[in-house]
Amino acid sequence: MGYQAEDMILACLYGAEPCNYKNFTQIYHPDHGNCYIFNWGMDEEALNSSNPGAEFGLKLILDISQQDYIPYLSSAAGARLMLHQQKSFPFLKDQGIYAMAGTETSIGVLVDELERMGYPYSDCTVNGSDVPVQNLYSQYNTSYSIQACLRSCFQTHMVEICGCGHYMFPLPEGVNYCNNEDNPGWAYCYSSLRSSIKQRQICIDSCKETCNDTQYKMTISMADWPSEASEDWIFHILSYERDMSTNVTLDRNGIIKLNIYFQEYNYRTISESAATTIVWLLSSLGGQFGFWMGGSVLCLIEFGEIIIDSLWITVINVIGWCKGLKQRRARARYPDVPPTVSELVEAHTNLGFQHEAVGAEPGAPALPPEPGTPPPNYDSLRVQPLDTLSPDTDPE
């Protein structure tokens, strides 16, 4: 059940070349029913885009037949679409956008490639082989993605706890989908597991981001289509192309035109690099060590010189203070003025010049004077007359 590609795709052009529903791969999506992927690259070689611009992109006219919608099953009218990398599974619920009915929607695309560094810089995986979760979406021959890992992890817990698998996710081998007859309490088990923060955190910790990823940035613009002036003949032509008759009636509420193209014929690569490698680390350490070591040695020398000078000045001041202290003690011990050198010489040469005894009482017997130096014999130095010289003496 659901819309078939030959009924939904009214017109298709890719790079000015005609295409049809045979260029699309059909898969079933639990939320949106039948989905069709263009240029998936699974069964045949992928098509390349030759030039940027709207004329070289993908042009589609879709019939969504809004009058056939089932009430309470979907409250939105339009087409759900997304851009994803080739050979990757599309998760429309998380990454898709809506195209409104009765409009021409133009989507300009810019491509960004992300290159993350692995261990030890980040915890990313190349192909998911090191992730402890079985990728249930591998049956579609698609590449690893974190969305596929999270859903596979939840389905694994669902099978372990509830005993059956949920219909929105692929099944492991040997497991059946939940039904009311075999598993009457599966709905309550699913709700409890879905709202469990512990289960969610376990899956988040187990799954890893991909090291290489491609992101598509879209610029979306839209306008009413077809216009009132061209509405009749456009609907007539589309009805005729679909079944070669004019019996099918189309209206504005059930038709969508899409233009998807590359804005620029290049892409941007965002790659991670180590801020500091071993070479840069050694180079920085060498430069910093040389600079700070040189400055530190000079500072140490200056500080050492200041400390030595301070100690030397302190020692000199202490020695001077000790000498001054000794002199003050000497002055306190001998209060009289010490005799001069001339007085000392006169005291030893002239017997009459003596200091009075300090504290001598009157009437006390005088002490005998200290013997002094006898006066010189001046006669021995007297010059004799010449006539008294002996005849044997030679005159000078």
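## Strands 6 and 7

G78 stands opposite M100 in strand 7. Strand 6 and strand 7 run antiparallel and are joined by 4 bridges; two strands are said to pair if DSSP finds at least two bridges between them. Helices (H or I, at least four residues) and strands (E, at least two) are DSSP runs, numbered from the N terminus. The model is a predicted one, in which local features need pLDDT of at least 70 and side-chain atom pairs count only at pLDDT 80 or more, while totals for chains, interfaces and linings use all residues. Residues are numbered from 1 along each chain as its sequence is written, and side-chain values use heavy atoms, with hydrogens and water left out.

An open sheet of 6 strands has the order 2-1-5-12-8-11, with mixed pairing. Strand 2 (17–18) and strand 11 (212–224) are at the edges with a single partner strand each, so one side of each has no neighbour in the sheet. Strand 5 and strand 12 run antiparallel and are joined by 6 bridges. The bridge partner of D63 in strand 12 is I255.

## Nonpolar cores

In soluble globular proteins, nonpolar side chains tend to be buried together. A nonpolar core is a set of buried Ala, Val, Leu, Ile, Met, Phe, Trp, Tyr and Cys residues joined through side-chain atoms within 4.5 Å. The largest nonpolar core has 24 residues, and those with the most contacts inside it are I9, C12, F24, L58, L60, I256 and L258. Among the elements that each supply at least two residues of this core are helix 1 (5–8), strand 1 (9–14), strand 5 (58–63) and strand 12 (255–271). A second, separate core of 21 residues includes C35, F89, F91 and C189.

Which residues is F24 in contact with, leaving aside its neighbours within four places in sequence? They are I9, C12, Y36, I37, F38 and L60, where contact means heavy atoms within 4.5 Å.

## Helix 3

Helix 3 (residues 146–162) has 17 residues and reaches 24 Å from its first C-alpha to its last, close to the 24 Å expected at 1.5 Å a residue. The expected span is 1.5 Å times one less than the number of residues in the helix. Among the buried residues of helix 3 are A148, C149, C153, F154 and M158. The cover over the buried residues of helix 3 includes helix 2 (92–95), helix 4 (186–194) and helix 5 (197–206). Helix 3 is followed by G163, whose phi is positive, near 85°.

## Disulfides

A disulfide is a pair of cysteine sulfur atoms within 2.5 Å, and by this rule the count comes to 6 disulfides. One of them joins C12 to C19, with sulfur atoms 1.7 Å apart. The torsion about the S-S bond of C12 and C19 is about -80°, so this disulfide is left-handed.

C153 and C203 are also joined by a disulfide (S to S 2.2 Å). This pair links distant parts of the chain, with C153 in helix 3 and C203 in helix 5, 50 residues apart. In contrast to these left-handed links, the disulfide of C164 and C178 is right-handed, with 95° about the S-S bond.

Note on methods
Buried < 20%, exposed > 50% of the residue type's maximum accessible area, 1.4 Å probe, protein only.
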